[in-house]
Amino acid sequence: MSGWEFGIGTAREGKDEGPDAAVAANPYTESLNARLAETLSALESVTSDMARAKAELSEATHVARSPDRSVEATVGPQGQLVDLRFLDNKYRTMSSTELASSVLEAVSQARDAMSRQVMETMAPFTQPLPGMADMGGMDIDWADLFGTGVSDEQETGARKGDARLRDEIDEDGEG
């Protein structure tokens, strides 16, 4: 048999054997097959990496202490509170608003840290695949997912809402 063989069909010199023969005779078919194989390989790699990231995050927790070191909060991968500890019996000498503020600050810090960990873990999936710049990565609105506090803290290093919260607690008359 004289002719060329390709993965899609067969073409023989001067003989057309249907649509597969025309596709196989196309000199670009091999290049397209190579690009398709490369794309499928990249997709398998991303899928595997995504599964690994999901497994890593499903086990993640973050612990934070309030600035006055009286409360320690632990949150899970979705920001859920999984543990709350009152340290060194400091809560016994605190007013209810001081204790509430300490709890809120510790939980908020832990949630923000967990959100940043999720963002860092998922960041590679937001980038275009190497060699495939025409296919962009995922566009994720982190502020919509986690609230504006996470992006504000990344940029400024401080939570903007905390001072307002303390002011409101102090104005409450119990502080």
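Predicted model: local features only at pLDDT ≥ 70, side-chain atom pairs only at ≥ 80, totals over all residues.
1. **Serine 66.** Start with S66, in the loop between strand 3 (62–65) and strand 4. Is S66 buried or exposed? S66 is buried, because its relative accessible area is 1% and buried means under 20%.

2. **What S66 touches.** Two polar partners come up here. The side chain of S66 makes a polar contact with the side chain of D68, at 2.5 Å. The S66 side chain also reaches the backbone nitrogen of S70, at 3.3 Å. Now set aside the neighbours within four places in sequence. Which residues does S66 then contact? They are V71, S102 and A106. V71 belongs to strand 4 (residues 71–75). S102 and A106 fall in helix 3 (residues 96–122).

3. Three strands form an open sheet, in the order 3-4-5, with antiparallel pairing. Strand 3 and strand 5 are the edge strands, and each pairs on one side only. On average, neighbouring strands of this sheet are turned by 15° against each other, direction ignored. Helix 3 lies across strand 3, strand 4 and strand 5. Against strand 4, helix 3 runs at about 35°.

4. **The hairpin.** Strand 4 and strand 5 form a hairpin, with five residues between them. Look for G79 in the turn: G79 has a positive phi of about 80°. How many bridges join strand 4 to strand 5? Five bridges join these antiparallel strands. Two examples can be checked by eye. V75 has L81 in strand 5 as its bridge partner. A73 has L84 in strand 5 as its bridge partner.

5. Side chains of opposite charge can pair when their charged atoms come close. The side chains of E72 and R85 meet in a salt bridge, at 3.4 Å from N to O. This pair links distant parts of the chain: E72 sits in strand 4, R85 sits in strand 5 (residues 81–86), and the two are 13 residues apart. E72 is buried, because its relative accessible area is 11%. R85 is partly exposed, because its value is 41%.

6. R65 counts as partly exposed, because its relative accessibility is 34%. Which residues do the shared partners join into one network? The network holds R65, E72 and R85.

7. **A salt bridge inside a helix.** The structure has three salt bridges in total. One of them pairs D49 with R52, with the closest N and O atoms 2.4 Å apart. Where do D49 and R52 lie? Both lie in helix 2 (residues 29–58), three residues apart, which is about one turn of the helix. D49 is partly exposed, because its relative accessibility is 30%. R52 is partly exposed too, because its relative accessibility is 49%. Exposed would mean over 50%.

8. **The aromatic pair.** The structure holds one aromatic pair. F86 and Y91 form this pair, with 5.5 Å centre to centre and 50° between the planes. The pair is classed as tilted. F86 counts as partly exposed, because its relative accessibility is 37%. Y91 also counts as partly exposed, because its relative accessibility is 29%.

9. **The whole chain.** The protein has six helices and five strands. From the N terminus on, the elements run β-β-α-α-β-β-β-α-α-α-α. Buried residues make up 27% of the 175 residues. Now take contacts between residues at least 6 apart in sequence. Of these contacts, 47% join residues at least 24 apart.

Technical notes. Residues numbered from 1 in each chain as written. Heavy atoms only, no water. Salt bridge = Lys/Arg side-chain N within 4 Å of Asp/Glu carboxyl O. Helix = DSSP H or I, 4+ residues; strand = E, 2+ residues; numbered from the N terminus. Buried < 20%, exposed > 50% of the residue type's maximum accessible area, 1.4 Å probe, protein only. Phe/Tyr/Trp six-rings, centres within 6.5 Å; stacked < 30°, edge-to-face > 60°. Polar contact = N/O pair within 3.5 Å; in protein donor to acceptor, adjacent residues only side chain to side chain. Contact = heavy atoms within 4.5 Å. Pairing = 2+ DSSP bridges. Axes fitted to C-alpha atoms, helices over the stretch in contact; angles between N-to-C directions.
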